[in-house]
Amino acid sequence: MPGRPSSSGAGLISVSGRTRQEIIEEDVRDLARLGYAQQLFREMGGFSNFAISFSIISVLTGAVLLFGYGLKFAGPIINSVGWPVVSLFTLCVAASMAELASAYPTAGGLYFWAFRLGGRTWAWVTAWLNMIGQVTITAGINVAAATYIIGAATRIAGVPAGVAVPVFGSATSWYFQLVVMVLIMIPQVIINIVGIRLTARLNALSVWWHVGGVVLITALLTFFGTHHNSAGFLLHRATIVSPLEAVSADLGGGRTGPGLVIADLKLPSPLFALLPALASAYAAAPFALVFVLGLLQAQWTYTGYDASAHVAEETVMARLNSAWGVFLSVAVSAVVGYVLLMILTWSIPGGDIAATANDAYPVLQIVYGNLSRVFANVIAIVIGGAMWLCGLASITSMGRMWWAFARDDGMPGAGLLKRVSPRHGTPAAAIVATSLLAVLMTAYAAAYSVVTSISTITLYLAYVIPIYLNWRNRHRRRGEYTEPANAPWSLGRWGVALNVVAILWVVFIVVVFALPPNELVLWTMLSLAIALAAYWRVSARRRFAGPKSHPSGSSRAASDRQPSRSSSGGSGG
C-alpha cells in the first residue's frame with residue numbers, strides 16, 4: 001500500500017451547511033492529528049491566504065526594480081520571452097508545492113513536509129535554507145522599496161537622482177537606502193505584531209492595489225503615452241552591458257577587472273582566477289549567456305509564495321485554501337506581470353534601450369518620459385505603496401517560518417523565538433528578530449542583485465527538497481507521499497511529470513544565479529553549506545529530533561478566541 005500521512009483531509013472537502021466555526025474546529029482537530037496545538041489566531045480565508053503570497057510575489061516590486069537588470073543584458077526579449085518561460089517552469093514548482101501544502105497544512109510548511117517525507121536531516125537542512133531565504137527575500141523586498149521610494153521622491157520633487165544628502169553623500173548611497181529601509185520596516189513590524197486580522201485585511205487590499213496598479217499603468221501608457229514602439233521591438237535582442245563589464249570593478253592601483261565585491265571591499269575575482277576562460281566567454285557575451293543571466297528578473301519576482309503554507313495554521317479550511325493560495329498566486333502573477341512588462345517595454349521612450357537600462361530607476365524613466373507629471377506622480381506613488389505592502393506580507397511569512405522551527409527547538413534562541421504574544425496571538429519575538437537579521441543581511445550584500453540571487457537560490461533549494469522527496473517516495477513506493485486520498489488538492493497522474501520538471505528547473509537556476517555578476521552568491525552559498533554541515537555535525541544532530549508533538553492544552557484557548565460568526569463560507573478574505 002502506498003504510504004499516507006496519518007491525518008485525513010476528508011472532513012474539509014464538504015462545507016455545505018457547516019458554519020465557519022465548525023470548519024475552524026475541524027481545522028484545529030486536523031492540526032492536532034499532525035502533532036500540533038492551535039496557538040495562532042485562525043482568521044484567514046481563502047482570499048486572504050492567496051493574497052499574502054500574491055503580495056510577496058508583487059509584480060510591482062520584482063519586475064519593476066529588476067526591469068533594467070534584464071534589459072541591459074538581453075534587451076526587450078527578456079520580457080517578452082523570458083517572463084513566460086520562467087512563469088511556465090515556476091508553475092510546475094508551485095503546483096508540486098501546492099499538493100504538499102494540501103497534505104500537510106502546518107506553519108512549518110516545507111520543513112514539516114521534508115520531515116514527513118525524508119526524516120530529520122532533510123527537515124533540518126530545508127528549514128535553514130527556507131529561513132535564510134525568508135530573511136534575504138524580506139531584505140531584498142524592503143531595500144528595493146527603499147531604493148525605489150528614494151528615486152520616486154527625487155522625481156516628484158524635481159531634483160537629481162543623486163542629490164546630496166548630509167552624512168551619506170548622495171541619495172543613491174547604499175547606506176542611505178539602508179536607513180530608509182529601516183524606516184519603512186518599522187510600521188510593517190508593528191502591524192505584524194498587532195494582529196493577523198489587520199495584516200489579513202492589508203494583504204487583501206494589496207491584491208487589489210497590485211491589480212488596480214497594473215490596470216492604471218496599462219491604461220495611462222496606452223492612451224496617454226507619447227512613445228509606442230513596434231511589435232517587433234518587443235522581440236529585439238540587445239546587450240547594453242556585457243557580462244564582463246557587469247562583473248568588472250575598480251581593484252585599486254589603476255587596475256580594473258573581474259571583482260568580488262563585499263560591502264565596500266573589492267577583491268579580484270577568485271572564480272575568474274580559477275577559470276581564466278570565463279573572461280573571454282563573458283567578453284563575447286553570447287546570447288544564451290546574457291539571456292539566462294537576465295532571467296533573474298522574473299525568477300526573483302516568483303519567490304515567497306510558500307507564504308500560503310506558512311500561514312496554514314491561521315487559515316480556515318487550510319488543506320484546500322493553502323494549496324490554492326500557493327498555486328494561484330503564481331498563476332495570477334504570471335498574467336498580471338506579463339501585461340505590466342509588455343506595456344512598459346512597448347513604451348520605452350524612443351526605443352532607446354540603453355537610456356532606459358542605464359537609468360537608476362528605469363521604470364520611472366519610462367513613466368516620466370511618457371506621461372504628464374501628474375499622471376507620472378500617481379503611478380510612482382502606486383508602485384511605492386505596492387512595494388511597502390509586499391514587505392509587510394514578507395515579514396508575516398518570515399516570522400511564521402522562524403517561529404515554527406523554534407517551536408520544535410531547531411535553532412539557538414528557540415526559547416525566545418517560539419513565544420507567542422498572549423495579547424495578539426502572533427509570534428512577536430520571531431518577527432522582530434528576523435526583521436533585524438534582514439537589515440544586517442542587506443548591509444552585508446551591498447548590492448540588490450546579490451540579495452535577490454541569494455534569496456532565489458536558498459528559497460528554491462528549500463522548495464525543491466520536499467518535492468524531490470515526494471517524487472522519490474512515490475517512485476520507490478515506500479514512505480509517505482501525496483495522493484488524492486491524503487491531499488485534497490491533488491495533481492493526480494500529472495504529479496510525477498510536474499515534479500521532475502520542477503526539480504530540473506531548480507537545479508538549472510541554482511547554477512545560473514550563482515554565476516558572476518553575482519559571484520558573492522556562490523561563495524556565500526559554499527560558506528553557508530560548510531557552516532551548516534559543521535553545525536549539524538558538532539551540535540544539531542544530537543539535539544534536533546524533528547517536529548515535536550505539542551500538547552493540546554493551548555488548542556482550546558486558541559479556538560475559543562475565534563470569532564463566533566455563523567457564515568458557512570471559509571474561502572473568503
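**Entry 1: a pair of helices**

I began with helix H7 (residues 120-157) and helix H24 (residues 519-543), which pack at an angle of about 135 degrees with their axes 12 Å apart. The model I am reading is a predicted one. I noted that H7 and H24 are therefore oblique to each other, since angles over 145 degrees would count as roughly antiparallel and 65 to 115 as roughly perpendicular. The crossing of these two helices is right-handed. I then listed the residues that make the contact: from H7 they are Arg 120, Thr 121, Trp 124, Trp 128 and Ile 132. From H24 they are Leu 528, Leu 532, Tyr 535, Trp 536, Ala 540 and Arg 541.

**Entry 2: a sheet**

Next I looked up how strands S3, S4 and S5 are arranged. The three strands form an open sheet in the order S3-S4-S5, with antiparallel pairing. Strand S3 (248-252) and strand S5 (265-268) are the edge strands, each pairing on one side only. From one strand to the next, the twist averages 70 degrees. I reminded myself that strands of a sheet pair through backbone hydrogen bonds, either parallel or antiparallel.

I followed the S3 side of the sheet, where four bridges join S3 to strand S4 (residues 255-262). Here Asp 250 stands opposite Thr 256 in S4. S3 and S4 form a hairpin with two residues between them. In its turn I found Gly 253, which has a positive phi of about 65 degrees.

**Entry 3: Ser 242**

I located Ser 242 in the loop between helix H9 (196-224) and helix H10 (243-247).

**Entry 4: cysteines**

How many disulfides does the count come to? I recorded zero, the rule being that two cysteine sulfur atoms must lie within 2.5 Å. A disulfide is a covalent bond between the sulfur atoms of two cysteines. I checked the accessibility of two cysteines as well. Cys 92 has a relative accessible area of 11% and is therefore buried. Cys 390 is at 0% relative accessibility, so this residue also counts as buried.

Terms used. Residues are numbered from 1 along each chain as its sequence is written. This is a predicted model: local features need pLDDT of at least 70, side-chain atom pairs count only at pLDDT 80 or more; totals for chains, interfaces and linings use all residues. Side-chain values use heavy atoms; hydrogens and water are left out. Two strands pair if DSSP finds at least two bridges between them. Axes are lines fitted to C-alpha atoms, for helices over the stretch in contact, and angles run from 0 to 180 degrees between N-to-C directions. Buried means under 20% relative accessible area, exposed over 50%, partly exposed in between (1.4 Å probe, protein chains only). Angles under 35 degrees count as roughly parallel, over 145 as roughly antiparallel, 65 to 115 as roughly perpendicular and the rest as oblique. A crossing is left-handed if the near helix is turned anticlockwise from the far one by less than a right angle, and right-handed if clockwise. Contact means heavy atoms within 4.5 Å.
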